[in-house]
Amino acid sequence: MDSSWVNVDAQLEKRYDLASRIANGVRECSTPENALSARLVETLSSAKKASSPGQKRDPENRFQDALKNILAVVESCPNLKTNGDFAQILAQLKEIEREIDSAGEYYNAVVRDYNATISSFPASIIASRFRFEKADSFELNPAHEEKKTAR
């Protein structure tokens, strides 16, 4: 289970790196959007601090909302839309989002299987004896899930 979480966390780290680059690009584009850029950096920082799936859920959802707001600004900023490097960053972000979805689905399947195993007899006796606890899944906010199914 830990190895499947490592895969999710690695993809999240890649997205955090790209989000920092996006925030810097937006800062260069427009002064009024600096508040959105600062919000992205703030939510990015809190998402990075969380380590377990249960701890990461809320900060990650706030980060995704801030990232979505920044990407809306990017769409309205002609300098950024036509910048080849920035377009490449956005393409990388889309790919990483797909990888996060895939890694998250795999992690959640592993968690579901683990939780089912420690809940069923006779494994539940051993699990309670050795204090195995149910694991947290990694679920993102409904807005992100709707976006994912619309692809």
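**Exercise 1.** Which backbone oxygen lies 3.1 Å from a polar atom of the side chain of Lys 56?

*Solution.* Some ground rules come before the steps. This is a predicted model, where local features need pLDDT of at least 70, side-chain atom pairs count only at pLDDT 80 or more, and totals for chains, interfaces and linings use all residues. Residues are numbered from 1 along each chain as its sequence is written, and side-chain values use heavy atoms, with hydrogens and water left out.

- Step 1. Locate Lys 56: helix 3, residues 53-76, holds this residue. Helices are DSSP runs of H or I, at least four residues, numbered from the N terminus.
- Step 2. Look for the partner. The backbone oxygen belongs to Ala 50.

**Exercise 2.** Decide whether Lys 56 is buried or exposed.

*Solution.*

- Step 1. Take the cut-offs: buried is under 20% relative accessible area, exposed over 50%, partly exposed in between (1.4 Å probe, protein chains only).
- Step 2. Lys 56 has 0% relative accessibility, so Lys 56 is buried.
- Step 3. List its surroundings. Beyond neighbours within four places in sequence, Lys 56 is in contact (heavy atoms within 4.5 Å) with residues including Trp 5, Asp 9, Tyr 16 and Phe 138.

**Exercise 3.** Classify Arg 98 by its accessibility.

*Solution.*

- Step 1. Find Arg 98 in helix 5, residues 84-119.
- Step 2. Its relative accessibility is 42%, so Arg 98 is partly exposed.
- Step 3. Check Gln 11: 87 residues separate it from Arg 98 in sequence, while their C-alpha atoms are 9.6 Å apart.

**Exercise 4.** How many helices and strands does the protein chain have?

*Solution.*

- Step 1. Count 7 helices and 0 strands. Strands would be DSSP runs of E, at least two residues.
- Step 2. Of the 151 residues, 37% are buried.

Terms used
Polar contact = N/O pair within 3.5 Å; in protein donor to acceptor, adjacent residues only side chain to side chain.
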